[in-house]
Amino acid sequence: MRKMAMERGSNAARHDFDALPLSPAIDVHCAQFSEIAALSDMAHRLVPGVQIGEADLARYYTLDPESLLTFSRKGRLLGGMAFLFLNDRGHDALLLDEICLTEPDPRLLASGDEEVSAIYIWAIAAIGRGIAGLGKAAAHLRRPRLRRADLFAQPATPAGRDIMKATGFEPMASFQPDLWCYERPWNRQPLRMPGSIFTVRSFADARH
């Protein structure tokens with residue numbers, strides 16, 4: 001499950017990822033083990049070329065339950081989002097194309113009490129209004145353990161690529177093919193202007 005897809009026709013507001021609005025209509029929470037089968041089935045239906053199966057997804061979920069989110073509305077499952085929380089070694093391996101993204105080595109993943117160096121978006125699968133859950137997913141990724149980590153992804157469809165462009169991701173030079181990066185606002189270097197320093201915009205609200 002190395003790439004991402006959304007149902008065609010889904011749209012996200014054009015915001016920086018960490019400034020996406022929190023939709024009150026969509027509930028986003030860490031997945032329950034009982035939801036893994038449905039999430040795996042949805043991923044196979046919506047994400048082109050998905051390879052990881054239910055058992056594999058359950059194994060990585062067991063390693064870090066915070067790495068799998070569900071999006072739902074009035075009790076109906078509308079989608080999910082899966083991440084790889086990489087340690088320093090995993091971050092380097094991602095950039096150097098030395099990680100198997102369909103079956104990542106657990107030694108490249110951050111342990112539960114370890115600060116995460118990079119977040120790889122393993123997959124997004126959402127239908128209808130489910131895509132509005134991205135704002136709450138972004139809030140989940142601002143938890144203390146995760147907030148310093150930049151995000152990486154490989155869009156699998158035109159719709160997925162549009163979401164990347166609309167939320168501040170940019171393609172980057174790396175040995176990993178078609179890798180896109182979202183640099184967290186607080187990690188960005190300020191723009192230097194003659195006689196002063198200005199930042200492009202304030203993200204104070206997004207950081208808390």
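**Note on charged side chains in the predicted model**

1. At 10% relative accessibility, D64 counts as buried, a class that means under 20% relative accessible area, with exposed meaning over 50% and partly exposed lying in between (1.4 Å probe, protein chains only). This is a predicted model, in which local features need pLDDT of at least 70 and side-chain atom pairs count only at pLDDT 80 or more, while totals for chains, interfaces and linings use all residues. Residues are numbered from 1 along each chain as its sequence is written, and side-chain values use heavy atoms, with hydrogens and water left out.

2. Which residue forms a salt bridge with D64? The partner is R145, and the closest N and O atoms are 2.8 Å apart; a salt bridge here is a side-chain nitrogen of Lys or Arg within 4 Å of a carboxyl oxygen of Asp or Glu. D64 lies in the loop between α2 (54–63) and β2 (68–73) and R145 in the loop between α4 (134–140) and β5 (150–153), so the pair ties together parts that are 81 residues apart in sequence. Helices (H or I, at least four residues) and strands (E, at least two) are DSSP runs, numbered from the N terminus. R145 is also buried, its relative accessible area being 15%.

3. D105 and R107 form another salt bridge, with 2.7 Å between the closest N and O atoms. D105 is partly exposed at 26% relative accessibility, whereas R107, at 57%, is exposed. Salt bridges with shared partners also join D64, E66, R143 and R145 into one network.

4. The salt bridges number 9 under this rule. One of them links the side chains of R188 and D16, at 2.8 Å from N to O. Because R188 lies in the loop between β7 (180–182) and β8 (191–193) and D16 in the segment before β1 (27–30), this pair ties together parts that are 172 residues apart in sequence. R188 is partly exposed at 29% relative accessibility, while D16 is buried at 9%.

5. A surface patch of negative charge gathers D88, D92, D97, E98, D113, E114 and E115. Patches are made of residues with over 30% relative accessible area and no salt bridge, like charges being joined within 9 Å and nonpolar side chains (Val, Leu, Ile, Met, Phe, Trp, Tyr) within 5 Å. Within this group, E114 sits in the loop between α3 (88–95) and β4 (118–126). E114 counts as partly exposed, at 30% relative accessibility.

Conventions: Accessible areas come from the Shrake-Rupley method with a 1.4 Å probe; for residues, only the protein chains shown count as cover. Lys and Arg count as positive and Asp and Glu as negative; His and the chain ends are not counted. The place of a charge is taken as NZ of Lys, CZ of Arg, CG of Asp or CD of Glu.
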